[in-house]
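Please keep the structure open while reading this note. The points below take helix packing and then strand pairing.

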Amino acid sequence: MATIAEVRALIAQHAPNCPECNEPMRAPDPDIEPVVTGNTARARYVCAQCRTPSGQPRREFVTFDTQTRSAHAVFVGTGEVTGLATAKWYAERMATDMTSQVSRTEMFVAFLTTVGVTGRAVEAAARAQELSAAAGEAWLAASAALRRQDTVREAYVAVPGAGTKQFVTSE
Ligand SMILES: [Zn+2]
């Protein structure tokens, strides 16, 4: 079990680059304790310059395995999805994340194969790779469907006071 000081050191060493501007993200706010559960620690990083569509600092969450001292997941939270713009942004981010999982899993499977691992572990990892690819496609579809709603948004903006949906579409 890692001490809180060890977890903090781990977090400071693994600050990710911002997915938007590629600058190093800031280590978490010292007031906020990393969330440690068993051998897993979860930390928050923020970008000094990027903002989400809702105006919040761009954040990334990283999960650490405190036993192997490795960072093993980066993902965005859903807490900032408040409307169409943020929903589109989130769906696009998830599509990108899933797609990068596919190539990482591919490398993982290749590694296992290289070191002579066969059978269930390789099969399961290959299955995970397929599922990540399918999830990536589903997120792309969600993203495309949300983008189509821009037409509706633009029409609302262009004709303020156009009336309710029922009024506009009934005859
Ligand atoms: Zn940034």
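1. Helices α2 and α3 are roughly antiparallel to each other, because their angle of about 160° lies over the 145 degrees that mark this class. Bear in mind that the model is predicted.

2. The two partners are α2, residues 84-114, and α3, residues 120-158. Their axes lie 8 Å apart. The crossing of α2 and α3 is left-handed. What residues make up the contact of α2 with α3? It divides into 21 nonpolar, nine polar and five charged residues.

3. Now the strands. β1 covers residues 35-37 and β2 covers residues 40-51. They run antiparallel, joined by three bridges. Thr37 stands opposite Thr40 of β2.

4. The hairpin of β1 and β2 has two residues between the strands. Look at Gly38 there: its phi is positive, near 60°.

5. β2 also pairs with β3, residues 57-65. This pairing is antiparallel too and has eight bridges. Which residue of β3 does Thr40 face? Thr40 stands opposite Asp65.

6. The hairpin of β2 and β3 has five residues between the strands. Gly55 in this hairpin takes a positive phi, near 90°.

7. One general point for viewing the strands. Side chains in a regular strand alternate between the two faces of the sheet.

How values were computed. Residues numbered from 1 in each chain as written. Predicted model: local features only at pLDDT ≥ 70, side-chain atom pairs only at ≥ 80, totals over all residues. Axes fitted to C-alpha atoms, helices over the stretch in contact; angles between N-to-C directions. Helix = DSSP H or I, 4+ residues; strand = E, 2+ residues; numbered from the N terminus. Parallel < 35°, antiparallel > 145°, perpendicular 65-115°, else oblique. Left-handed = near helix turned anticlockwise from the far one by under 90°. Nonpolar A, V, L, I, M, F, W, Y, C, P; charged D, E, K, R; others polar. Pairing = 2+ DSSP bridges.
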